[in-house]
Amino acid sequence: MEEFQRVVGLDVGGTNIKAIVVDSSGAELDRSTVATPRQRSALLNSVRELLSELAGAPSTPLVGLSCPGLAAPDSRSIAWMQGRMEILQGLDWTEALGRERAVWVLNDAHAATLGEAWLGAAKNRQNVVLLTLGTGIGGGVIVDGRLLQGQIGRAGHLGHLCLDVDGLPDICRTPGSLEDAVGECTLEARARGRFRDTQALVEAVREGDEEANEVWRRVVRALACGLASLINVVDPEVVVLGGGIAQAGGTLFEPLGQQMDEVEWRPLGAGVPIVPAALGDFAGAFGAARYAMDREVPI
């Protein structure tokens, strides 16, 4: 891999644009965050300003960018992003930013996976599963050191594996999905209207609320079954959990460990470590920078 003195990783989300500047070793040189504008032209201007602030001239340095959706095969745009930030679908970021050097684009959950495997909770691991547990359930997979993207960039949608063949279809048409069993998107319905967000549910669990504990028990059980299935498919060295639900700390990881003792196949005796993500909200930005370095051809 070519040595780079400054690499910018951009993570364009629905709320904020996060930017990180690193060198080839991953040492952080600078970071910044700005609110995400709703109009394409304003958003592009915000990205240009960030690059100018962090990196100087628009033609340098190397830039990687992550955002929701399915990345195009040439990694220059997001080819499909229906329902979220559709204004960026099909946008060639290299052309739009007027750069001489390519802007390398990938899915945001894929970027977070790369970031955690490079510098975070899965550092130096070659086989990794990451799940982001929030409103929905996203994720990514690294197999033998390579990010699994698939034929059309669809790989890593781990929240849409089926736990109940007779369940209702989720947004990706999967019946009884992991996302609908665990994600905050369905919490209010699963909690019969008592809880709208995970933080409130977790606080009630810690206070000993019986109804909250039953809802949480089902969440943890579903997550354990989903993880056990993924472990059987991927055989990872580590599973990393990020996102808002994972911030419950011991309230999640302790009962999850107990459930994994029950449902995980362990032919050689040891279970796969399940650990919290380490890079926080900037995991995607770190991963975007790493992706750019991996894809770059020296000019």
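Helices here are DSSP runs of H or I with at least four residues, numbered from the N terminus. The model shown is predicted.

**View 1. The largest pocket and its centre.** This pocket has a volume of about 1,700 Å³. Its lining counts 47 residues. Five of them lie nearest the centre: Arg84, Asp108, Ala109, Thr132 and Gly138.

**View 2. Helices and strands around the largest pocket.** Two helices, H3 (108-119) and H9 (283-295), each supply at least two lining residues. So does each of the strands S2 (16-22), S8 (128-133), S9 (137-143) and S11 (238-242). Helix H3 gives the most, with four residues.

**View 3. Residue classes in the lining of the largest pocket.** Polar residues number 22. Nonpolar residues number 16. Charged residues make up the other nine.

**View 4. The second largest pocket and its centre.** Here the volume is about 400 Å³. The lining is made of 16 residues. Leu114, Gly145, Arg146, Leu147 and Asp294 lie nearest the centre of this pocket.

**View 5. Helices and strands around the second largest pocket.** Strand S10 (146-147) supplies at least two residues of this lining.

**View 6. Residue classes in the lining of the second largest pocket.** Six lining residues are nonpolar and six are charged. Four are polar.

Note on methods:
Residues are numbered from 1 along each chain as its sequence is written. This is a predicted model: local features need pLDDT of at least 70, side-chain atom pairs count only at pLDDT 80 or more; totals for chains, interfaces and linings use all residues. Side-chain values use heavy atoms; hydrogens and water are left out. On a 1 Å grid over the protein atoms alone, a cavity is a set of points where a 1.4 Å probe fits but cannot get out, and a pocket is an open set with protein on both sides within 12 Å along at least five of seven lines; lining residues have an atom within 4 Å of a point. Grid points are joined across faces, edges and corners, and a volume is the space filled by probe spheres set on the points. Ala, Val, Leu, Ile, Met, Phe, Trp, Tyr, Cys and Pro count as nonpolar, Asp, Glu, Lys and Arg as charged, and the others, Gly among them, as polar.
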